[in-house]
Amino acid sequence: MNFRSFLFPIAGFLLVLSFLLNLSLGSVSIPFGEIVRGLFTGVWEKTSWEQIILNYRLPKALVAICAGIGLSLSGLQMQTFFRNPLAGPFVLGISSGAGLGVSILMLAGTALGISLAGINSWAIATAGILGAALVLSGVSLVAWKVKDSMTLLIVGLMFGSAVSAVISVLSYFSGAEALKLFTVWSMGSLGALGWNQVLILGVLIGIGLVPVFLSVKSYNALLLGENYARSMGVRTQKMRWIMILSTGTLAGGITAFCGPIAFIGIAVPHIARMIWKTSDHALLFPGSALLGAILLLLCDAVGQLPGYSSTLPINAVTSLVGAPIVISLILRRNLSRDF
Amino acid sequence: MNLSLVLMLFSCQKKESSALEKTQIPLSYAQGFEIFKGDNFFEIHVTQGYTGAEKEYRYLVMEKEAALPTEGFDAVVQLPISSVALTSTTQIPHLDILGETTRLGAFPNLDLISSHSTRDWIAQGKVMDLGRGPSANPELVIELEPSWIMISTLGEDLRYLDLLSQAGIPAVINGEYVEQHPLGRAEWIKFTGILLGKYEQAVEEFERIELAYLEAEKLISQAQNLARPQVLSGVMYQDIWYAPGAESWGARILENAGGDYIFSSQGGTGSLQLNYEFVLDQALEADFWIGSADFPDLKSMGESEPRYRAFSAWKAGKVFTYTAKTGESGGLEYFELGYLRPDLILKDLIKILHPELLPEYELYFYQKLN
Amino acid sequence: MTDPKSIPALQGKSLQLGYLHQGVRKEILSDLNFDLYSGELTCLLGPNGVGKSTLIKAILGQIAPWKGELRLQGSPITLLSLEEMALKLAVVLTEPVFPGNMTVEQLVALGRTPHTGWSGRLQEKDREAVEKAISRTKIGYLRAERLSEISDGQRQKAMIARAIAQDGAVILLDEPTAHLDLVNRFEIMQLLREIAQEEQKAILVVTHDLEIAVETADQFWLMTCGNPLLTGSPEDLILSGKINQLLPSQKYQYSPKRGRLEVQEDIMEFPVQGPEDLVYWVQKALKKAKILGIPTEIRVKENPFSLEMNSRSFASLEEFIQFLKSNPRS
């Protein structure tokens, strides 16, 4: 028993703490005691408080946890698989794909006679998932043909660029209203989901996590590269599909429901490696999941600008928080050696 | 050397443009432009072409057969005009009200136009479509050679200003949306009137609208013991609520109509971005919800965003939106005619909030969602 | 040393190997026969581009032979699954992949991957195997060190320990001593020899280090362009002069006397007298300095070293060569 064995209980405690903090902070100040009392007794001092906690903050906090876990674990998988410290959940064009689906719905939809009011979060999520699936199947088709991971990585990035170009063309030709709607989506949002959607997102994350935890051993072997992994009996081709499907479900689902959320996927695995000082995925997977959830809960709490009537978009907050983290990591030590 | 030469040229230009004998005609509400009348010409100075504009644009409108020095003007229009190009639907009613619908020669994305008379004109194939991009296609404009093109700076048309002036096409900037007073926007009809050579008629039309507006306003200001119902406005995208700022045009009309705008403490002339829980806290019990995007009915509104259902106004079915009149190709008449007819908007809102004050009136732009 | 009756751990029979490149078949190796036995350290030597990597890929099962058969412990490699292969064959490759955060012990434990369940959890026998591999390679003192913090030679030993922990009958190492200093090169090869003998492993090392290979290998496989694979003990190959097939031109020769490669220049002997060792190095220094000839006989003496010519005495070769160059006609 050493200090490191306490890391998981500490992280678990911090997760509970940041969950409660997230619940208690917002534009409207609600006393913490009232929140606890309301949650346990169902009696609220003001109906607006009941609405705010039960139908806004609670689902938002749960979405932050789901998204934090999903994005961090997609990032970790990508970084290990491509042995690239800057790989993130979106390198295979997943977020651009989801963006494509959403932009077609919003930007081209108006041209096809779908009114903007008809675009609710269900439609957005469906379009996002379809878009992510479309780009992912394009990338998979390449993965089928290509042996080399580096080529797959580059092809994924190219797919992303091409899709972004299509989105730009769509934006260029779309009306101000639709463009605004799309811009809002691309800023990311954790609080746009109703309970039904939270449930679906939760199921998607659950499905995406199963292959991750079944492949801990293979990911460890992959740390030595695909050739070594194969020599130790790891079917790297199969792993590639597991990685594509898992990150596609996780990152694709999250992006579809919440919009793109930057930096969590890249930064969290590095922080986990630094804290646990290990490259063992049996520790890194749960560690990254916990840290991702904590970080996103805190980012969201900050973004709510407690006491103000406005909110910062979550994608901006994670970028503002994430970029300095990644930069300081790079400055403190050599990332590639620290893998 | 070079610098002083440039400065000299610059100062010469300034002098000549103001050298013409002219008198300013004061405007009642509009802040964004000034008009001057001369012997056989009008001069228009657009001081607020867009939000935060620093450059003043000067236009010279010469009557028939007038020959004046044209240096120093950003655009020179020679009357009479043949055809014109417009870039915003809010400019369309100007032609209609002045009886000059058939002057319209080009417009970007014709489907956006709702006006019946203009649609008839379009149906005759007389209007060129300038494309669906964020700016009117400049090649098509140059090809058409309109007498002038009116540019709205809401789009991206400003960047083609130099190109058009080099091509000899007078491009004038219409900054009506910068005006904060409801009648200020309507007063831009005078701007269009001068450009069409119909200034007097434009003044008449404006005074009619002004009178109607002021009379309606009086109903509220003179009413005894008027209860001001709380009004919520706007819609939510993701979890951000978008609503007009307290000093905006829309919020002003709402206050004039005897409503208590729920976000009146949130300043700003543009659009507000508010946190959902803030809105919920403030507006849960609001009596009315006016201006909620283009939902066809309450049910689809609640389905689209279940959190709308928490508001009393939604529960009580007191949700009104500006979708009563749509053009045959899908445009909303509110967005086209609304700037020119604040009197209709004001009466609509009075009818909604205080129906007893306008018993005979029928809603024009607004309708109740069922 | 080789028991002729035992089954070879790895056997190649009239192998033909090659690639399909843009629809064109490119043959790299043909009619290749070899046997690799347990308890022996075998070194595969050959110039660059002769097809060593192709052979390695075939042994790893990455490319299938066009003709012939490749058997691992009696079973054709093409019929073995990836998991079965991993239980029989471990490798140390040239690619420098080191997750810096991993400890030496974790790296060695990765060798147990083919033996553990889905979670990768080590059982008692896995832990024993890891311990044995660590003590076998004498890296116990490094077990908690991170891979980013140890030297290249130590890391290579850890990789070898990982291969041992994998516990296959065959260990294949591709240039394990490249980039290492002289002492480490000897140490690694010596270690591999011990492991081959004491653990009864069949070890195949691809190397360019002829001199160290001669010192340590039980068997040599010489692969040269256009010739069949030459196999045999290094000593036999040296004595029969076959080792010189490795060398592309007549300019270089393997000297059986000195156990090393030598440049065969126009034979030019300087008249030097003295002990044989000293004469050899004096000759070498003079040749290197491009001295064309010396007028009279020189004598060398040892303890202390001195060199005499025309009754002049020099304490070092450098001094002597300096003198010759400055007095070309003396």
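These entries follow the strands that I looked up in chains B and C of a predicted model.

**Conventions.** I number residues from 1 along each chain as its sequence is written, and I letter chains from A and number ligands from 1 in the order in which they are written. Because the model is predicted, I kept local features only at pLDDT of at least 70 and side-chain atom pairs only at pLDDT 80 or more, while totals for chains, interfaces and linings use all residues.

**Confidence.** I noted ipTM 0.82 and pTM 0.79 for the model. Chain C averages a pLDDT (the predictor's confidence in each residue, from 0 to 100) of 86, with 95% of its residues scoring at least 70.

I took strands as DSSP runs (E, at least two residues), numbered from the N terminus, and counted two strands as paired if DSSP finds at least two bridges between them. Strand β13(B), residues 240-244, has four of its five residues buried (20 or more other C-beta atoms within 10 Å of a residue's own, with C-beta atoms placed from the backbone), so it is largely enclosed by the rest of the structure. Three bridges join it antiparallel to β12(B), residues 235-237, and B:Tyr237 has B:Ile240 as its bridge partner. These two strands form a hairpin with two residues between them, where B:Gln238 in the turn has a positive phi of about 50 degrees. Five bridges join β13(B) antiparallel to β15(B), residues 271-275, and here B:Pro244 is partnered by B:Ser271.

**Chain C.** I found an open sheet of four strands, ordered β13-β14-β15-β16, with mixed pairing. Its edges are β13 (272-273) and β16 (312-314), each with a single partner strand, so one side of each is left without a neighbour in the sheet. Two bridges join β13(C) parallel to β14(C), residues 298-301, and C:Gln273 is partnered by C:Arg299.

Technical notes
A residue is buried if 20 or more other C-beta atoms lie within 10 Å of its own, exposed if 12 or fewer, and partly exposed in between; C-beta atoms are placed from the backbone.
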